[in-house]
Amino acid sequence: MSREPVIEAVGLVKRFGDFTAVDDVSFEVPRGSVFGLLGPNGAGKTTTVRMMTTLAIPTSGSARVAGHDVVKEPEAVRASMGLTAQSATVDDLLTGRENLRLIGDLYGLDRSFVRKRTDELLEQFSLTEAGDKVVKDYSGGMRRRIDLAVSLIAHPSVLFLDEPTTGLDPRSRVELWDVLRELVRDGTTLLLTTQYLDEADQLADDIVVIDHGRIIAQGTPLELKNQSGAASLVVTVSRHDQVRQAAELLRGVVGDVHVDEDARKLTAPGGDVGALSQVATRLDDASIDVDDLGMQRPSLDDVFLALTGHKAEETSNQEVSA
């Protein structure tokens with residue numbers, strides 16, 4: 001993967017009256033990578049994407065997409081990128097095929113190219129059989145896939161995805177993740193916003209955590225997890241009547257132990273492989289049966305809670321659209 005940035009933001013600020021929705025946001029996205037803007041509703045993610053895609057003018061700062069300034073060269077930016085917004089942008093009363101051809105015509109693309117590209121995209125997104133059905137009859141997952149297909153009609157090198165899986169069931173989310181991975185393998189650069197920590201963990205090469213309009217952390221998923229502390233040693237005891245005995249054994253090896261008696265789960269922050277081996281031996285010597293024993297690295301949920309003091313789905317304000 002080339003480290004050449006294809007998306008750049010430098011000191012982006014967006015104010016609406018006295019309210020600052022985005023406050024000094026800077027980042028770079030290398031070509032052919034996936035970049036995640038992670039944060040709760042109202043954090044400033046959508047406003048950032050609107051500035052990057054020429055839908056809103058920054059109050060200050062600058063941004064470039066595919067080498068083009070978003071304020072000085074908006075037409076060139078729009079020609080080089082695709083956008084899948086939070087809400088559906090397709091026409092419910094048209095078929096999937098008609099929606100794709102309509103957008104191709106609006107781009108001014110050659111009719112024969114649009115017909116060929118439409119067939120390719122319907123096949124790529126597993127919509128060939130549904131291509132001649134009206135979109136209002138599509139499932140949620142199908143609607144999201146046709147939305148994404150429409151944004152790719154002109155073969156953009158950069159794709160912005162604003163909350164791409166919001167409202168989808170778990171199966172549809174995983175299917176869409178697979179489609180996005182395929183796009184990246186084909187060379188597309190993705191910037192996605194999400195409030196789902198597992199989604200950022202699954203897809204993003206680099207993540208910016210944003211809260212109240214400001215960047216509060218940045219790095220790879222692994223780097224962010226490491227910021228939240230060392231891995232924990234976790235034991236799930238088989239029998240409730242042995243939980244307290246097992247906890248005392250663990251304290252003799254690692255010190256502090258969190259006990260969840262209902263789940264029969266013991267967690268010791270900061271454990272290591274050596275401690276894991278000692279604990280296994282002592283539990284075996286004491287004839288304490290376990291369902292699970294291992295090391296657990298902090299999740300992105302832990303990271304967000306440690307950074308902000310609240311969970312990612314919690315929100316205190318909503319973003320302003322403009």
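I am working from a predicted model.

**Entry 1: α3 and α5**

I looked up the geometry behind that. Helix α3 covers residues 96-106 and helix α5 covers residues 140-151. Their axes come within 9 Å and cross at roughly 25°. I noted the hand of the α3 and α5 crossing as right-handed. Next I listed who makes the contact. From α3 I have Gly96, Asn99, Leu100 and Ile103; from α5 I have Ile146, Ala149 and Val150. Sorted by class, the contact of α3 with α5 holds five nonpolar and two polar residues, with no charged ones.

**Entry 2: Leu122**

Two names from that contact came up again here. Leu122 sits in helix α4, residues 111-124. Is Leu122 buried or exposed? Its relative accessibility is 1%, so I count Leu122 as buried. I then asked which residues Leu122 touches, leaving aside neighbours within four places in sequence. The contacts are Arg97, Leu100, Leu127, Thr128, Gly131 and Ile146. Of these, Leu100 belongs to the α3 side of the α3 and α5 contact, and Ile146 to the α5 side.

I turned to the strands. β1 takes in residues 5-16 and β2 takes in residues 19-30. They pair in the antiparallel sense over nine bridges. One bridge I wrote down joins Lys14 to Val22 in β2. Two residues lie between the strands of this hairpin. Gly17 has a positive phi there, near 65°.

**Entry 3: the four-stranded sheet**

In what order do the four strands of the open sheet run? I read β12-β13-β11-β14, with antiparallel pairing. β12 (258-260) and β14 (290-296) are the edge strands, each pairing on one side only. From one strand to the next the twist averages 15°. Inside the sheet, β11 (residues 232-237) and β13 run antiparallel and are joined by five bridges. Val234 has Thr267 of β13 as its bridge partner.

**Entry 4: Thr267**

I followed that partner. Thr267 lies in β13, residues 265-269. Why does Thr267 count as buried? Its relative accessibility is 19%, and the cut-off for buried is under 20%. Beyond neighbours within four places in sequence, Thr267 contacts Ser232, Leu233, Val234, Asp256, Val257 and His258.

Which strands does helix α9 touch? Helix α9 (residues 243-254) packs on the sheet and touches β11, β12 and β13. Its direction makes about 15° with that of β13. Helix α10 (residues 273-285) lies across β11 and β14, and runs at about 165° to β14.

I finished with the two helices against each other. The axes of α9 and α10 come within 10 Å and cross at roughly 145°. The crossing is right-handed. α9 brings Ala246, Leu249, Leu250, Gly252, Val253 and Val254 to the contact. α10 brings Ala275, Gln278, Val279, Arg282 and Leu283. By class I have eight nonpolar, two polar and one charged residues in the contact of α9 with α10.

Notes:
Residues numbered from 1 in each chain as written. Predicted model: local features only at pLDDT ≥ 70, side-chain atom pairs only at ≥ 80, totals over all residues. Heavy atoms only, no water. Buried < 20%, exposed > 50% of the residue type's maximum accessible area, 1.4 Å probe, protein only. Contact = heavy atoms within 4.5 Å. Axes fitted to C-alpha atoms, helices over the stretch in contact; angles between N-to-C directions. Left-handed = near helix turned anticlockwise from the far one by under 90°. Nonpolar A, V, L, I, M, F, W, Y, C, P; charged D, E, K, R; others polar. Pairing = 2+ DSSP bridges.
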